[in-house]
Amino acid sequence: MELSRCSYTILGILNKRNAVDKIHGLTINEISKFEQVSKRNTIHKKVKELEENGFVLEGVKVARAKSYYLTKSGKSILPIAKEEEENV
């Protein structure tokens, strides 16, 4: 599967916000606040695609909204930042 720019952005947001387990997942609205380019509906579709491919999983509910968190396979496909490359 080839990921879009929006999908990589969503994965990056989950990683940066440390949403890597069920308890610390982010809702679609929370992701939308950080993404600020795509519409909420687009983000929802991309998150569902990422979930189907095992890159994100559903976390605990936040009020009535579902939350999502980054899996190890999702984290492994993120590109390495230049600062991290220099430290390796």
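Contact here means heavy atoms within 4.5 Å, and helices (H or I, at least four residues) and strands (E, at least two) are DSSP runs, numbered from the N terminus. This is a predicted model, in which local features need pLDDT of at least 70 and side-chain atom pairs count only at pLDDT 80 or more, while totals for chains, interfaces and linings use all residues. Residues are numbered from 1 along each chain as its sequence is written, and side-chain values use heavy atoms, with hydrogens and water left out.

**View 1. Helix H2 and its partners.** Which residues of H2 are buried? They are Ile-28, Ile-31, Ser-32 and Glu-35. Looking down the axis of H2, these fall within an arc of 105 degrees, so they line one face of the helix; the arc is that of the directions from the helix axis to the C-beta atoms.

**View 2. The largest nonpolar core.** A nonpolar core is a set of buried Ala, Val, Leu, Ile, Met, Phe, Trp, Tyr and Cys residues joined through side-chain atoms within 4.5 Å. The largest one here has 18 residues, and Ile-10, Leu-11, Leu-14, Ile-31, Val-47 and Leu-50 have the most contacts inside it. Helix H1 (5-16), helix H2 (28-35), helix H3 (40-52) and strand S3 (67-70) each give two or more residues to this core. H1 supplies the largest share, 5 residues.

**View 3. Around Leu-50.** Skip the neighbours within four places in sequence, and Leu-50 is in contact with Leu-3, Ser-7, Ile-10, Leu-11, Phe-55 and Val-56.

**View 4. Two loop residues with positive phi.** Asn-18 sits in the loop between H1 and S1. Its phi is near 60 degrees, a positive value in a residue other than glycine. Asn-18 is partly exposed, at 49% relative accessible area. Ala-63 belongs to the loop between strand S2 (56-58) and S3. Not a glycine either, Ala-63 has a positive phi of about 60 degrees, and Ala-63 is exposed, at 77% relative accessible area.

**View 5. Stepping back to the chain.** Five helices and three strands make up the tally, and along the sequence they run α-β-α-α-β-β-α-α. Buried residues account for 33% of the 88 residues in the chain. Of the contacts with a separation of 6 or more, 52% come from residues 24 or more positions apart.

Definitions and conventions: Buried means under 20% relative accessible area, exposed over 50%, partly exposed in between (1.4 Å probe, protein chains only).
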